[in-house]
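Student: I would like to go through the aromatic contacts and the metal site of this protein one step at a time. Could we begin once the sequence and structure are in view?

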Amino acid sequence: MSDTIKGACHCGSVTFEVSRPKFAVRCNCSICRRYAATWAHCPPNEGQILSGQDHVTSYSWGDHDIAFHSCKTCGCVTHWGPGENTDLDRFAVNLNMADPADLEGLRIRHFDGADSWEFFD
Ligand SMILES: [Zn+2]
């Protein structure tokens with residue numbers, strides 16, 4: 001099994017690579033449940049956007065701490081990163097962009113972003 005997982009949006013414009021996380025995160029907050037994303041957070045994982053960083057539509061709201069990015073062409077939500085009002089160095093990539101075979105055996109944890117901000121499992 002590879003130490004890294006690569007992902008690409010449906011049309012292939014936006015690509016990323018992330019070190020294989022100990023677990024991935026599904027969150028029930030107002031935005032994640034709509035996107036149905038499966039996140040790998042960096043850090044603690046090593047990751048980078050390989051292409052398409054400027055081929056995205058970005059969405060943020062409220063205090064604009066973070067922005068969610070989706071491919072301009074195919075609409076897939078590929079990652080989130082710091083919003084315009086922060087120099088946060090955290091970001092996360094959506095592992096649903098990866099080949100399912102590369103995600104086999106990966107633990108999925110469920111985060112209660114809607115309420116307690118703790119993991120359910
Ligand atoms: Zn695309």
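Student: Over the face of which ring does R109 lie, at 4.8 Å from the ring centre?

Tutor: Keep in mind that this is a predicted model. A charge of Arg is placed over a ring by its CZ atom, which has to be within 6 Å of the ring centre and within 35 degrees of the ring normal. At 4.8 Å from the centre, the ring over whose face R109 lies is that of F23.

Student: How far from the centre of the F119 ring does the charged end of R109 sit?

Tutor: The cut-off on distance is again 6 Å from the ring centre. The charged end of R109 sits over the ring of F119, and its distance from the centre of that ring is 3.9 Å.

Student: Why is the pair of W39 and F68 tilted?

Tutor: By the pairing rule, the count comes to seven aromatic pairs. Planes under 30 degrees apart count as stacked and those over 60 as edge-to-face, with the rest as tilted. The ring centres of W39 and F68 are 5.9 Å apart, and the pair is tilted because the angle between their planes is 55°.

Student: Which strands hold W39 and F68, the two residues of this pair that links distant parts of the chain?

Tutor: W39 and F68 are 29 residues apart, so this pair links distant parts of the chain. Both count as buried, since under 20% relative accessible area is the cut-off, with W39 at 1% and F68 at 4%. W39 is in strand β4 (residues 39–42), and F68 is in strand β7 (residues 66–71).

Student: Is the aromatic pair of Y59 and W61 stacked or edge-to-face?

Tutor: Y59 is partly exposed, with a relative accessible area of 41%, and W61 is also partly exposed, at 39%. Y59 and W61 belong to one aromatic cluster with Y35, W39 and F68. Their ring centres are 5.6 Å apart and the angle between their planes is 15°, and the pair is stacked.

Student: What arrangement do the four donor atoms around the zinc ion make?

Tutor: The zinc ion is coordinated by the SG atoms of C9, C11, C71 and C74, at 2.3 to 2.4 Å, and these donors follow the spacing C-x1-C-x59-C-x2-C along the chain. For four tetrahedral donors the ideal angle at a metal is 109.5 degrees. Here the angles are 105 to 120°, which makes the arrangement tetrahedral.

Key. Residues numbered from 1 in each chain as written. Predicted model: local features only at pLDDT ≥ 70, side-chain atom pairs only at ≥ 80, totals over all residues. Heavy atoms only, no water. Phe/Tyr/Trp six-rings, centres within 6.5 Å; stacked < 30°, edge-to-face > 60°. Helix = DSSP H or I, 4+ residues; strand = E, 2+ residues; numbered from the N terminus. Buried < 20%, exposed > 50% of the residue type's maximum accessible area, 1.4 Å probe, protein only. Donors = N, O, S within 2.8 Å, 3.2 Å for Na, K, Ca; no water. Tetrahedral: all angles 85-135°; square planar, octahedral: opposite > 155°, others 65-115°.
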